[in-house]
Amino acid sequence: MMKTKLSVIGWVFLLMMVVSSFAASFISLFNIQDHMLENGLGTILLGLPAVAFLLLQEKTRKEKVRFHWLTWKAILLLMIIAIALELVTIEINIATSFIFSNYTTDAISNDVSSSTFLISLICMAVLPAIFEELSFRGAFFQEYRDAYGAWAGAILSGLLFGLYHMNMRQFVYAFICGVFFALLVEATDSIASSILMHFMLNAISCIAIYIVAKFPEQEQELAIEAQNQYLLMQLLSFFPIAVIGLVILILSYIGLAKCCGQYGIVKEMFSWKNLTFHKRIGSIGTEEMQSEKTPFRWLFSFPLVISVILCIFVILAIEVGM
């Protein structure tokens, strides 16, 4: 049964990659003039395979995606975490700028600044937060978690989330955020936390792009500075701020787990005993990890292997081409 479910998850991800390959051609039939609307429609199409997978399962809503509404205190803590995580990811993005191309970020900036703010916010923040979270922290994370435990589920779903973005710079950023989003689900026992976090991070980026677009001369100067080896100075000068952000992130995460009654589970999940002896930590308590019954080789289903190879090929081809 578990082997079949892991294979189905592989087919779901492969279907998402197939949809990604043909989505642009399909969307072009609608003759949509706004690039952000095209991106929004593409996000919906990419999320449909995973959403269909969730709907077809004979489980309750709680069992499928662990959804329940959050308290206002939890939402406030998530807002603090979003700001702290943004400070950390800024440092990560500066670091990856030394190695990988920035073409995707530039393309997104152009699309956002050329559309209305409301359309950009919906297509860049609302739709991805819903459809990508249902896919990666709903379908993928929950199935891998059931098979191999919370940590393996977080890492595996994070890897697929990174590959899904189809470029190296976003892969690093998306992988780290994907793992953390899964940890948020564990801390709150609800996918609502990762949906809200995903929305807030993308909304911050959307707002930042609009603000920068209002100052084109300053934006050009920053681009010239980056070309003139000023990235290292930015990396070093922003490092203390990123460290402060990381400390706030950790403390707020602990507070969130306590607020949602998940602190004991989270504490045990991060314990050395759990990491060493492979316990499975979940919302219903601690059990022997399912991986003792689920061979790790079952993870490498034919569709998943093909999907990963195709993603890596596209990412490398784009990087070499740039």
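## A walk through the salt bridges and the core

Start by selecting Arg66 and Asp189: they form a salt bridge, with their closest N and O atoms 3.0 Å apart (a salt bridge here is a side-chain nitrogen of Lys or Arg within 4 Å of a carboxyl oxygen of Asp or Glu). Arg66 sits in the loop between α3 and α4, while Asp189 is in the loop between α8 and α9 (192-213), 123 residues apart.

Before moving on, note that this is a predicted model, where local features need pLDDT of at least 70 and side-chain atom pairs count only at pLDDT 80 or more, while totals for chains, interfaces and linings use all residues. Residues are numbered from 1 along each chain as its sequence is written, and side-chain values use heavy atoms, with hydrogens and water left out.

Glu186 belongs to helix α8 (helices are DSSP runs of H or I, at least four residues, numbered from the N terminus). Are these residues buried or exposed? Glu186 has a relative accessible area of 1% and Arg66 has 4%, so both count as buried (under 20% relative accessible area, with exposed over 50% and partly exposed in between, using a 1.4 Å probe and protein chains only). Asp189 is buried too, at 11%.

Next, jump to helix α6 and select Glu133 and Arg137, which are four residues apart, about one turn of the helix. Their salt bridge brings the closest N and O atoms to 2.6 Å. Glu133 is buried at 0%, and Arg137 is buried at 0%.

Now for the nonpolar side. Select Phe13, Phe140, Tyr144, Leu184 and Met197, the residues with the most contacts inside the largest nonpolar core, which has 67 residues (a core is a set of buried Ala, Val, Leu, Ile, Met, Phe, Trp, Tyr and Cys residues joined through side-chain atoms within 4.5 Å). Helix α8 (residues 168-188) gives the most to this core, with 13 residues. Zoom in on Leu184: beyond its neighbours within four places in sequence, its contacts (heavy atoms within 4.5 Å) include Leu78, Met197 and Tyr253.

Last stop: helix α12 (residues 263-269), where you'll find Lys267. Lys267 is exposed, with a relative accessible area of 54%. Its C-alpha atom is 8.7 Å from that of Ile254, 13 residues apart along the chain.

Terms used:
Helix = DSSP H or I, 4+ residues; strand = E, 2+ residues; numbered from the N terminus.
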